[in-house]
Amino acid sequence: LHPTPKTNKTTIQCIIPCVYTSYICFLLHLHIISKYILPSFYPQNLFILNFNMTNNNTAVPMKLSNLPLRPSTLSLLLRRGFTTTMDIEQSKQDGGISNFAAEVNCSIKDAFRIVREVEECQRRLLGDNGGDVNSSSSLQSKNKYGTTTTQSSNSMTAAAILQNTSSSSAASSSDPRHIITFCRTIDSLLGGGFARSEVTELCGIPGIGKTQLGMQLCVDARLPRIYGGVEGEAVYIDTEGSFSPERCYTMAQALVKHVQASAARREQQRLMRQRQQQLTTTATAATTTKSLVPSWFNPNTILNGIHVFRVHDETSQTLTIKHLEQFIKGRQEDCLIQKERQKQQQHQEGQMGEMPIAPIKIVIIDSIAFHYRSSISGADYKARTRSLAEISSFLSHLATAFDIAVVVINQMTTKVGSGSSADVVSTSGGDLNDTTKLVPALGESWAHATTTRLLLDFMPSGVRCCRLVKSPHKAAGTALYDVTENGIRDVPPSSLPRQRNDLTLDASKRPRTNY
């Protein structure tokens, strides 16, 4: 029987809905597979089908449930309606970190912590090279070589390290790599000052000026960048109770006067150039003088940037050092929060003179050996050696991970027998082959843990000298310095030794006398 026209019309009406329903089911299954099934097998979301993505260089949105976030962070984000990383980025693009903090209903500091946690988890899964999961590099923190601190370290060629170091040196005008001491001879000996990303050890007898040099470095760390400083804050761990805030205030006053005098000299030079060009304008001179010295730069704000930790025993010292990483991260977050607030309040007049919160640039421990040497007799020296090894490794990690200068002050101890003449101070001030000698404390194992070692001593003429006895990139030499009312300064010409050989900084020349 042949179908009638009425039968054909009925059949077509039945087939069309079936085809349409099948097509809808196919799309629905494809959506479910691409969004829920594949991400569970591949957390990196390499197979997410995003038909609306037009730019291949954009970051791949990831579900927050697939990231190794803390349960409290994940539950907070999900309760506030954030399901993917793209939701967080969109919230920050709409109104910055303050808008994200308002949507999550938390403080700006907590918002920074949440964003940083999400970004670190995302880098851990996707890698740091644009989503290449096969790459084992994961950005945690950069050191001076441009490499990253990861759980599994990757090798780099010597040429790459040299190139990164050269690029860092080229950018030293905006971010100096050294913290100056205001003693030209010491700064020249160290190549510009105490280097960042390194652990430097100061050794010397009592009264030589180790603590004075440590407080001077804390004050100089606040020096603005336009004057060659790092414009940061300092941490001072005091184990002996020798830190003096009054002395730091005197050094800060001298530093402020020095900067103001330097600004006045620059202004006079500028006015002289204008007079030569017959373009002198008094109004412009007044406004320029104010801009040369920051309004926040005064002795009180300098001392506000020095954080002092007083420790009374070995356990407190170890815990304080281990707490430094969290403290430094907190200061970095506070610095970012203040910058965010300044962006929001740029139109207000009073915000320009606000004291800036700067990141930590130097950590000083005065001294590392005090509590170890004052421990009871019969202590476990193996445990002490292990503790020192852990502390030295941790300090090296802090220096490279946060790009800060770590200065460790060490005491001297008596050694019986022969020893190396490089880091030995003779008790008699004469022959170094005496049976009793003064050497840095904590033994030979600690000597290998530091990057640079400086030995402070008195010369026969009574002038203080600083000897560079260990450095991987600087030649050994000697620098003369003096402890004045204003701090660590150069030796005045009237106090210089008569012998020219005492003033040499060239390690290739053999000294005529031992000092």
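User: Why is D403 called buried?

Analyst: D403 has a relative accessible area of 14%. Buried means under 20% relative accessible area, exposed over 50%, and partly exposed in between, with a 1.4 Å probe and protein chains only. D403 is therefore classed as buried. This is a predicted model, in which local features need pLDDT of at least 70, side-chain atom pairs count only at pLDDT 80 or more, and totals for chains, interfaces and linings use all residues. Residues are numbered from 1 along each chain as its sequence is written, and side-chain values use heavy atoms, with hydrogens and water left out.

User: What makes the contact between D403 and R177 a salt bridge?

Analyst: The N to O distance between the side chains of D403 and R177 is 2.7 Å. A salt bridge requires a side-chain nitrogen of Lys or Arg within 4 Å of a carboxyl oxygen of Asp or Glu, and the pair D403 and R177 qualifies. R177 lies in the loop between α5 (158-170) and β1 (178-179), while D403 lies between α13 (381-402) and β7 (405-410), so the pair ties together parts that are 226 residues apart in sequence. Both residues, D403 and R177, are buried.

User: How do you know that R196 and D403 also form a salt bridge?

Analyst: Their side chains meet at 2.9 Å, N to O. The pair links distant parts of the chain, as R196 sits in the loop between β2 (194-195) and β3 (199-204) and D403 in the loop between α13 and β7, 207 residues apart. The C-alpha atoms of R196 and D403 are separated by 5.8 Å. R196 has a relative accessible area of 3% and is therefore buried.

User: How many salt bridges does the structure hold, and which residues do shared partners join into one network?

Analyst: The structure holds 14 salt bridges. Salt bridges that share partners join R70, R113 and E117 into one network.

User: Why are E89 and K92 separated by about one helical turn?

Analyst: E89 and K92 are three residues apart in helix α3 (residues 85-104), which accounts for the separation of about one helical turn. Their side chains meet in a salt bridge at 3.6 Å, N to O. E89 has 31% relative accessibility, so the residue counts as partly exposed.

User: What makes N105 exposed?

Analyst: N105 has 58% relative accessibility, so the residue counts as exposed. N105 lies in the loop between α3 and α4 (108-126). Its phi is near 65°, a positive value in a residue other than glycine.

User: Which residues make the nonpolar surface patch?

Analyst: Y20, Y23, I24, F26, L27 and L30 make a patch of about 610 Å². Patches are made of residues with over 30% relative accessible area and no salt bridge; like charges are joined within 9 Å, and nonpolar side chains (Val, Leu, Ile, Met, Phe, Trp, Tyr) within 5 Å. Accessible areas come from the Shrake-Rupley method with a 1.4 Å probe, and for residues only the protein chains shown count as cover. L30 is partly exposed, with a relative accessible area of 33%, and is located in helix α1 (residues 5-41).

User: Which peptide bond is cis?

Analyst: The cis peptide bond joins D366 and S367, with omega about -5°. S367 lies in the loop between β6 (360-366) and α12 (370-373).

Notes. Helices (H or I, at least four residues) and strands (E, at least two) are DSSP runs, numbered from the N terminus.
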